[in-house]
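User: I am new to this structure. Please walk me through some questions about it.

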There are 2 protein chains.
Amino acid sequence: MATDLEIARKATLRPIQEIAARAGIPDDALEPYGKYKAKIGTAFVAEASARPPGALVLVTGISPTPAGEGKTTTTVGLGDALNSLGTRTMICLREPSLGPCFGVKGGATGGGYAQVLPMEDINLHFTGDFHAITSANNLLSAMVDNHLYWGNELGLDPRRVTWRRAMDMNDRNLRDCVVGMGGASQGVVREDGFDITVASEVMAVFCLARDLQDLQERLGRMIVGRRRDGTAVTARDVKADGAMAALLRDALSPNLVQTIEGSPALVHGGPFANIAHGCNSLVATRLGLGLSDVVVTEAGFGADLGAEKFFDIKARMAGLNPACCVIVATVRALKMHGGVAKSDLGREDVVAVERGVVNLARHVENVHKFGVPVVVALNRFTSDTPAEVEAIRAAMARLDTQAILCTHWGDGAAGAQDLARAVQARIASGAARFQPLYPDAMPLADKLRTIAKEVYRAADVSFPAPVIQKLSRWEQEGFGHLPVCVAKTQYSFSADPTALGAPTGHVLPVRDVRLSAGAGFVVAVCGEIMTMPGLPRRPAAETIGLDSDGRIDGLF
Amino acid sequence: MATDLEIARKATLRPIQEIAARAGIPDDALEPYGKYKAKIGTAFVAEASARPPGALVLVTGISPTPAGEGKTTTTVGLGDALNSLGTRTMICLREPSLGPCFGVKGGATGGGYAQVLPMEDINLHFTGDFHAITSANNLLSAMVDNHLYWGNELGLDPRRVTWRRAMDMNDRNLRDCVVGMGGASQGVVREDGFDITVASEVMAVFCLARDLQDLQERLGRMIVGRRRDGTAVTARDVKADGAMAALLRDALSPNLVQTIEGSPALVHGGPFANIAHGCNSLVATRLGLGLSDVVVTEAGFGADLGAEKFFDIKARMAGLNPACCVIVATVRALKMHGGVAKSDLGREDVVAVERGVVNLARHVENVHKFGVPVVVALNRFTSDTPAEVEAIRAAMARLDTQAILCTHWGDGAAGAQDLARAVQARIASGAARFQPLYPDAMPLADKLRTIAKEVYRAADVSFPAPVIQKLSRWEQEGFGHLPVCVAKTQYSFSADPTALGAPTGHVLPVRDVRLSAGAGFVVAVCGEIMTMPGLPRRPAAETIGLDSDGRIDGLF
């Protein structure tokens, strides 16, 4: 079987100008980056984003398992299929991070015949957006420490600097460090740490900003630390917001690329789905909606995290109106939710599917609570049996939801046309009545309780006293209207990653809360939260290199 | 008076394809980055670099003073002037670092009517080369620490890891840090530090590599640390060289831009001139030589550092044959070398000029020792008087060297045509008989003594015992043939930055030596060496921002 890289290399890419023309983007709005990538100029973005929007389709998934579901692949396949059926469609995806690429995960550009190209470029530096975000993040750090060094006029407490440095790398050795050592002329000694760039608030701000001005305002609102009296010091206070916005100016223009079948795709921004909201930039989504009849976009992790945040954070802030939600599942993954080990997935086990389908069913029910109709995409594997598929179809039928078999991984657009037709029908029905799960005015703790009960089906939420104090302080400071961004394991509805299927009766343990005043949400840390991954014993980087023609090898 | 940024903004840029055509680069060899920047494809670079080379002109300077000399401006002005006279000329410059840009120095793209454009892009992220170098550097760090974490099969001594992390930022708080804190699952505790990207060995390797294959081989030879028995562990040993080369693949293609007068310029690579050799990439220089009758390029700091290293490191390794050297001076700077304070530079002081011109004279004599003829470029200021200029001319005449007044800052190409004619004449004379100062086979300590005596006119060199031991070990390990790269103050021929003019009789104190096995030189640290600058009390970043049209403001 051909690898993703081999398939990608065999594809014939069209000049990006041709893809742009297909998407209704004129030549003079393009800033080409090589022959197959382009940024789209600010003036055109502003104009096109103001047009009446197309229909927004969110692709999300069941609770992820090691069996894999294929969410990005389905996003691409569905977009290709809609285009092949004559629906003018834009695909909106996140940019991949270098960290996972050199670690275990490989790239994040889809797979098989449902990929965005050029995959080597997109997976490595692409158009430099993440480097710009890293630079902006670290300029702020340098200016904060420089402020402390030169006398600390703002009275910032060095022990209460919460702003961390960033690097687009899996590097566990940078999680916790002590900086400023070496004597008085070398800075101010304090504890610090690095997060992977995608986990930084700058990334979240970048992805939620409407335009450059909004970007700079949000950057300025970011809190870098607090004084001894507890009052906040912001990026604007240290005068970093202007230079950060300058560093991010070009980056904020969305990136246009193409799928293997020639569909246009905007690949732009990529915040983590735990500490942030986990979907591509608002700028790209709005541009896509202005340019197309349909935008297909993706949210990170399972629907309990990705879709909930997409609805309650991004759609709420930006006034987006999702028309349809696609939940991706596989027979194999649902079997794992039904208790089957990965090594036994090859055997037919209808009972396990029936046990595991409760995970999918709950995600469907949850999305319905937001007023958004659902279509289930079943990514087909050769080991799936008709009885197993039928078990899923039957369970979905009880929720008035179609489950459609898809083979776009191997067949491209043709393999997702059934799915595309079902999505078209859902959009045409006008059934969506989108609303966020909770109102802005609800107290922060109650917002968390609402998510826990309605989406995770927890019996209760436990708040330690310091968390209650923080939430109450932030409400006094005027941040009570913000939505909540839950950071918990993606593997379960609960905070226990081993509780597969559809657990109930659990208690959601809120360990800590963090205020992202620039991004505009409160992060609730429930369980372990990883903001700087490590490399495995044998990192993928060891086998990545150049072949004799100077092409990049070993990416997958 | 218009600022550099205002002049830059008023310029009408030509499409980069037009500039490329002027330089003999076909459209299909271009990878455009926006409308006014392009990378040049590897295949064309290889083909064009193999053509018979044009003449190589090195622009260097007197020992720098706070009065400023204008080396980059002269490089650009001379290139423009040569082109205006019909000599097909390519300008080769270093890429600026983000650090100084946000600190005190501002950008590094020339000034007045002798600039390379688009200056905002070049000064900020440009085509992402430095970000790629930072990523490659830090991937190696992550893989080294990951190796220690997973059991340290190679037996690397964590206390002897010499490989440091990098960031393209002025950030003194990262000079010395302790990483890997937080417990057993968070890595391995050890001392570490960050250098600014331009000071990293990856940058030096990048700028000395002939092609991708040579790049990967050099990266693999870089030493990351040593075992308890003193034997070296390399980047190849930790299997990082392939992924690093993959990260640097696109970056190694030279960047084409234009001057304000439409000359082509290759702006590519930018190693520090203390811990590294301080000139643009060899790939760009060789491409320029293959494409043009003349390449005008620049070396960092004064000629004692920049030109010496250009000749003894870059030209030696690559077999380059410099045809002429331009030494940039100003009346004001020579007055400072003659003892005048910066505040008194406005007054005529012929005696001070005569006292200070010894600095220029010694640089001229030194360059002559390499067999390269010299033309002196005197950047004119309005305060210069005819008697002061004449004093310089007379001193240069005694060295059989022309000193030419230049006004390209205000007049563009027209202001450097006299200089260009003098350079043309020197090239046409065929007078150059380039040879490095010392042979490869000379012992490392003797190479240092030779530079100290011949170039710095020191009476002697002092070597502490540990330095002697290191040099001797490296000679046993097979590194004795490498050239030496001196890191000392740029403000004086001696190691004492206050000893202006032309000091003699001093002793060069070698404090430490470092082996750059990938770049291929031994660094001799003489005095303070700064590999991570700090920000000033009021960093330039505070006033950099976006104007109401989204243009970048505050760069200079």
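User: How many salt bridges does the rule find across the interface of chain B and chain A?
Analyst: This is a predicted model. A salt bridge needs a side-chain nitrogen of Lys or Arg within 4 Å of a carboxyl oxygen of Asp or Glu. Across the interface of chain B and chain A, the count by that rule is 6.

User: Which residue of chain A forms a salt bridge with Arg538(B)?
Analyst: The closest N and O atoms of the pair are 3.1 Å apart. The cut-off is 4 Å, so the pair qualifies. The partner of Arg538(B) is Glu153(A).

User: How much area do chain B and chain A bury between them?
Analyst: In contact are 68 residues of chain B and 68 residues of chain A. Of the area buried between the two chains, 57% is on carbon and sulfur atoms. The area is about 6,000 Å².

User: Which residue stands opposite Val376(B) in E19(B)?
Analyst: Strand E18 (residues 374-379) of chain B and strand E19 (residues 402-406) of chain B run parallel, joined by 5 bridges. With helix H15 (residues 386-397) of chain B, E18(B) and E19(B) make a right-handed β-α-β unit. Opposite Val376(B) stands Ala403(B).

Conventions. Residues numbered from 1 in each chain as written. Chains lettered and ligands numbered in written order. Predicted model: local features only at pLDDT ≥ 70, side-chain atom pairs only at ≥ 80, totals over all residues. Heavy atoms only, no water. Pairing = 2+ DSSP bridges. Helix = DSSP H or I, 4+ residues; strand = E, 2+ residues; numbered from the N terminus. Right-handed = clockwise from strand over helix to strand, strands pointing away. Contact = heavy atoms within 4.5 Å. Buried area = accessible area lost by both parts, 1.4 Å probe.
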